[in-house]
Amino acid sequence: VETEQSLRRAIARDELRVHYQPVYRLGQPSPVGVEALVRWERPDVGMVPPDRFIPLAEEVGLIIPIGLWVLRRACRQVARWRAEDPRLADLRVSVNLSARQFGDASLVASIATVLEASGLPAECLGLEITESVLLDDIDATEATLRALRALGVRLSIDDFGTGYSSLSYLKRFPVDEIKIDRSFTAGLVTDRADLAIVQAIIGLANAMDLEVVAEGVETDEQLTRLAELGCRLAQGYLLAHPTPPDQVIALLPPEG
Ligand code: G
Ligand code: G
Ligand code: MN
Ligand code: NA
């Protein structure tokens, strides 16, 4: 089982990995972005998914060093892809932030340092936060979001619609993007309620000039429906799985 001790050892032994799931603009063959997703490669056990250790890391505070490591890794990797492959010249990266990271007083300074060290332009980094993080302490949240925005990074609301959604924070907070939770995408073609929710989120995002990404796209029917509804960005197993960095180039269309 995963314990604080085993997680500390994993960090010391360099067993964490970052995989990248491409995000596509519908109709374009090369991804416009990638989402960084941490994994733990345990010897003898194999890949441990983040659900099995991120909550523990949050609880014991290890999410701060782990999150910083993921951020540094991801920025460095994406800066390299942008420089080395013409198909990825405009690539962006999104990194997930948990509540504890978001509340960390050194977050903004750390991100500024990582951006500078990696050479990645700030507008190419997106931070994904969930709705529950936003509701924690509204004034502190707003101050942090504005400081991050001042750096030039992009802000996304992840798993939109599944938390304690309050539409008022779309108005109050400087958000750039909404990610439609994959549970809604899953029912898009078969469930009238899911269709209505997805339609409403896309309509809201487009009317407010926010970008909107559909997550968890697994079928052609879902993708077609999303395009008809005016969604322009998508990620999911239909398009590409989370992928180790050395296999990302193989997902791209032929060069030229
Ligand atoms: O990668 P997977 O597909 O299994 O992700 C499961 C959950 O773990 C998702 O909610 C995702 O946001 C979260 N997660 C993945 N990578 C990171 C990370 O680097 N930091 C944080 N805080 N959460 C992550
Ligand atoms: O909470 P967050 O959106 O960050 O979670 C991303 C998670 O979703 C990762 O665990 C990733 O592996 C998973 N994921 C990505 N695409 C799909 C998909 O098409 N179907 C399913 N079921 N999960 C997906
Ligand atoms: Mn995410
Ligand atoms: Na999500």
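**Close-up views of a predicted model**

**View 1. Thr190 counts as exposed, because 10 C-beta neighbours lie inside 10 Å.** You can find Thr190 in the loop between helix H9 (182-187) and helix H10 (192-207). Helices (H or I, at least four residues) and strands (E, at least two) are DSSP runs, numbered from the N terminus. For a sense of scale, look across to Leu68: the two residues are 122 residues apart in sequence and 40 Å apart in space, C-alpha to C-alpha.

A word on reading these views: this is a predicted model, in which local features need pLDDT of at least 70 and side-chain atom pairs count only at pLDDT 80 or more, while totals for chains, interfaces and linings use all residues. Residues are numbered from 1 along each chain as its sequence is written, and chains are lettered from A and ligands numbered from 1 in the order in which they are written.

**View 2. Leu127 sits in strand E5 (residues 125-130).** Is Leu127 buried or exposed? Leu127 is buried, since 22 other C-beta atoms lie within 10 Å. Setting aside neighbours within four places in sequence, its contacts are Val95, Leu97, Leu148, Val153, Leu155 and Ser156; two residues are in contact if their C-beta atoms, placed from the backbone, lie within 7 Å. Ile157 is 30 residues away from Leu127 in sequence, and the C-alpha atoms of the pair are 8.5 Å apart in space.

**View 3. Helices H5 (residues 107-118) and H7 (residues 138-151) have axes that come within 10 Å and cross at roughly 15°.** The axes are lines fitted to C-alpha atoms, for helices over the stretch in contact, and angles run from 0 to 180 degrees between N-to-C directions. That angle makes H5 roughly parallel to H7. Angles under 35 degrees count as roughly parallel, over 145 as roughly antiparallel, 65 to 115 as roughly perpendicular and the rest as oblique. On the H5 side, the contact is made by Leu107, Val108, Ile111 and Ala112, and on the H7 side by Thr144, Ala147, Leu148 and Leu151. Sorted by class, this contact has 7 nonpolar, 1 polar and no charged residues. Here Ala, Val, Leu, Ile, Met, Phe, Trp, Tyr, Cys and Pro count as nonpolar, Asp, Glu, Lys and Arg as charged, and the others, Gly among them, as polar.

**View 4. Helices H3 and H5 pack at an angle of about 30°, with their axes 9 Å apart.** H3 is therefore roughly parallel to H5. The crossing of H3 and H5 is right-handed. Follow Leu68, Leu71, Arg72, Cys75, Arg76 and Ala79 along H3, and you will see them meet Ser110, Ile111, Val114, Leu115 and Ser118 in H5. These contact residues divide into 7 nonpolar, 2 polar and 2 charged.

**View 5. Asp14 and Asp44 each have a positive phi without being glycine.** Most residues other than glycine have a negative phi. For Asp14, phi is about 60°, and for Asp44 it is near 75°. Where does Asp14 lie? Asp14 lies in the loop between helix H1 (4-12) and strand E1 (16-25). Asp44 belongs to the loop between E2 and strand E3 (46-48). Asp14 is exposed, with 9 other C-beta atoms within 10 Å, and Asp44 also counts as exposed, with 4 C-beta neighbours inside 10 Å.

**View 6. Ligand 1 is surrounded by residues including Leu37, Val38, Pro49, Pro50 and Asp51.** A residue is near a molecule or strand if its C-beta atom, placed from the backbone, lies within 6 Å of it. Ile54, Gly67, Val70, Asn96, Leu97, Ser98 and Pro242 also belong to this shell. Strand E2 (33-42) and helix H3 (63-84) each supply at least two of the shell residues. By class, the shell around ligand 1 has 8 nonpolar, 3 polar and 1 charged residues.

**View 7. Ligand 2 has 13 residues around it.** Those that come nearest are Gly216, Glu218, Gly236, Tyr237 and Pro242. The shell around ligand 2 has 4 nonpolar, 4 polar and 5 charged residues.

Definitions and conventions. A residue is buried if 20 or more other C-beta atoms lie within 10 Å of its own, exposed if 12 or fewer, and partly exposed in between; C-beta atoms are placed from the backbone. A crossing is left-handed if the near helix is turned anticlockwise from the far one by less than a right angle, and right-handed if clockwise.
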